[in-house]
Amino acid sequence: MIDSEGFRPNVGIIICNTERRLFWGRRVGQNAWQFPQGGIQGDESPEQAMFRELEEEIGLCPGQVEVLGFTRRWLRYRLPKRFIRRNSHPVCIGQKQIWFLLRTRCAESEFCFDKTLKPEFDDWRWVKYWQPVREVVYFKRYVYTQALEELAPLLYPEGSPFRAQGTSLHQGLR
């Protein structure tokens, strides 16, 4: 499902633990790290898609997480020209995402990456709050920053943690 502007509706999932560290997953067979994410099917709400993707990619069910919140609007990123598949119709130029912040209510041993025939992740680690902005592929940095900025007050009501140099909101606008 691609919208009239060429963006595919999608959900992004930020999972934290009780120490406010974030789940950071490595894509299968790559040295590429990211948050879980996935497309919204035509009959799904963003929340339904998030729970489906959470189970498919991480192996967790709704009772194993607490939903802390989600972004108020769609956050968009464009794909670099070399990743756009011009032979598909309609042409997808990027993703528009609703981002969810979840807290685990289960043991790490309950994470399971092989619930589907084609797993997304083959490794993971807990990271500090702003670390993903520095490590994610360049064309997703702006969206990651927007999502983390908007959701930070839910995890840090006393004030967002210090952001190291190189994680400014405008970094992805080049």
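**Exercise 1.** In this predicted model, determine how many residues the largest nonpolar core has and which of them have the most contacts inside it.

*Solution.* The largest nonpolar core comprises 25 residues. Within this core, the residues with the most contacts are Ile 14, Leu 22, Phe 35, Trp 99, Tyr 129, Leu 148 and Leu 155. Next, assign the core to secondary structure: β1, β2, β6 (75-78), β7 and α3 (141-155) each give two or more residues. The greatest contribution, seven residues, comes from α3. Now take Tyr 129 as an example: beyond residues up to four places away in sequence, Tyr 129 touches Leu 22, Leu 148, Leu 151, Ala 152, Leu 155, Tyr 156 and Pro 161. Finally, a second, separate core has 20 residues, among them Val 11, Phe 23, Ile 58 and Leu 102.

**Exercise 2.** Describe helix α1 and identify which of its residues are buried and what covers them.

*Solution.* Helix α1 spans residues 46-58, 13 residues in total. From first to last C-alpha it reaches 17 Å, close to the expected 18 Å. Its buried residues are Ala 49, Met 50, Phe 51, Arg 52, Glu 53, Leu 54, Glu 57 and Ile 58. The cover over them includes β1 (7-16), β2 (22-27), β4 (37-39), β5 (65-70), β7 (94-104) and β8 (121-127). After the helix comes Gly 59, with a positive phi near 80°.

Note on methods:
Residues numbered from 1 in each chain as written. Predicted model: local features only at pLDDT ≥ 70, side-chain atom pairs only at ≥ 80, totals over all residues. Heavy atoms only, no water. Helix = DSSP H or I, 4+ residues; strand = E, 2+ residues; numbered from the N terminus. Expected span 1.5 Å × (residues − 1). Buried < 20%, exposed > 50% of the residue type's maximum accessible area, 1.4 Å probe, protein only. Contact = heavy atoms within 4.5 Å. Core = buried A, V, L, I, M, F, W, Y, C linked by side-chain atoms within 4.5 Å.
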